[in-house]
Amino acid sequence: AYAKVGYKTAWLSCYYPVEWAISCMSTYDEQDKINATLNLCKKRGIKILPPTINNPNVDFTVDYENGVKCIRYGFLAIKDVGRNVIEFIKNIVSNHKFTSFDDFYNAVHDQNYISKYSLKQNKNGIKQSPVNKKAETALINVGVFDCFEPNRYKLMNHYMIDIKKDKDYIAKVFMVGD
């Protein structure tokens with residue numbers, strides 16, 4: 001029985017490598033196994049596309065670039081981005097495609113969207129956005145907003161300095177106090 005499963009798996013890996021890799025990565029719980037499969041895909045010449053904010057897929061999916069089958073990275077594989085964040089963003093995207101990072105930030109912190117789509121509540125029962133600072137920085141770092149600003153360092157500085165006004169981050173970037 002094991003040999004039969006091994007043979008079928010090898011056949012799928014040979015003739016349907018993109019679909020095989022996606023099914024493997026979708027069943028793995030450990031990041032090491034996902035990384036090993038991604039490395040194997042790169043060795044085999046399969047392109048891995050970064051996740052994109054206007055198409056927030058939970059799992060890895062098949063996508064096409066210039067007519068070539070590729071793998072689109074899934075949001076659930078991003079550290080510090082959970083299922084609640086993904087579902088919240090998916091609900092917003094279904095009604096409103098983002099045009100910039102600032103548009104995204106304003107939408108995920110908009111009370112109208114929070115009251116409609118958020119499941120997260122504080123101890124007083126008031127709904128809150130599930131997209132917090134950890135999730136926002138993780139999304140910037142993996143390149144979800146590359147369609148708006150390909151320079152992630154510039155986008156992170158805009159987020160931390162202009163939007164969040166994080167004094168600790170400003171001190172680190174500009175080495176204030178040395």
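## Where α7 meets α8

In this predicted model, K133, E136, T137, I140, N141 and V142 of helix α7 touch R152, L155, M156, Y159 and M160 of helix α8. Sort the residues of this contact by class and you get 6 nonpolar, 2 polar and 3 charged.

How do we describe a pair like this? Two packed helices are described by the angle between their axes and the distance between the axes. Here, α7 covers residues 133–142 and α8 covers residues 152–163. Their axes come within 9 Å and cross at roughly 160 degrees. Angles over 145 degrees count as roughly antiparallel, so α7 is roughly antiparallel to α8. As for handedness, the crossing of α7 and α8 is right-handed.

## A closer look at α7

Which residues of α7 are buried? They are A135, E136, T137, A138, L139 and I140. E136, T137 and I140 are also part of the contact with α8. And what covers the buried residues of α7? The cover includes α8, along with α4 (83–95) and α5 (101–108).

Now check out the two ends of α7. At the start, N132 has a side-chain oxygen that gets to within 3.3 Å of the backbone nitrogen of K134. K133, for its part, belongs to the contact with α8. At the other end, just after α7, comes G143, with a positive phi of about 95 degrees.

## Another pair: α2 and α3

Let's move to helix α2, residues 17–27, and helix α3, residues 31–43. The axes of α2 and α3 come within 9 Å and cross at roughly 170 degrees. That angle makes α2 roughly antiparallel to α3, because the cut-off for that label is over 145 degrees.

Who does the touching? On the α2 side you'll find W20, A21, C24 and M25, and on the α3 side I34, T37, L38, L40 and C41. Split by class, this contact has 8 nonpolar residues, 1 polar residue and no charged ones.

## Zooming in on S23

S23 sits in helix α2. Is S23 buried or partly exposed? Its relative accessibility is 38%, so S23 counts as partly exposed; the partly exposed class lies between the buried limit of under 20% and the exposed limit of over 50%.

Terms used:
Residues numbered from 1 in each chain as written. Predicted model: local features only at pLDDT ≥ 70, side-chain atom pairs only at ≥ 80, totals over all residues. Heavy atoms only, no water. Axes fitted to C-alpha atoms, helices over the stretch in contact; angles between N-to-C directions. Helix = DSSP H or I, 4+ residues; strand = E, 2+ residues; numbered from the N terminus. Parallel < 35°, antiparallel > 145°, perpendicular 65-115°, else oblique. Contact = heavy atoms within 4.5 Å. Nonpolar A, V, L, I, M, F, W, Y, C, P; charged D, E, K, R; others polar. Buried < 20%, exposed > 50% of the residue type's maximum accessible area, 1.4 Å probe, protein only. Left-handed = near helix turned anticlockwise from the far one by under 90°. Polar contact = N/O pair within 3.5 Å; in protein donor to acceptor, adjacent residues only side chain to side chain.
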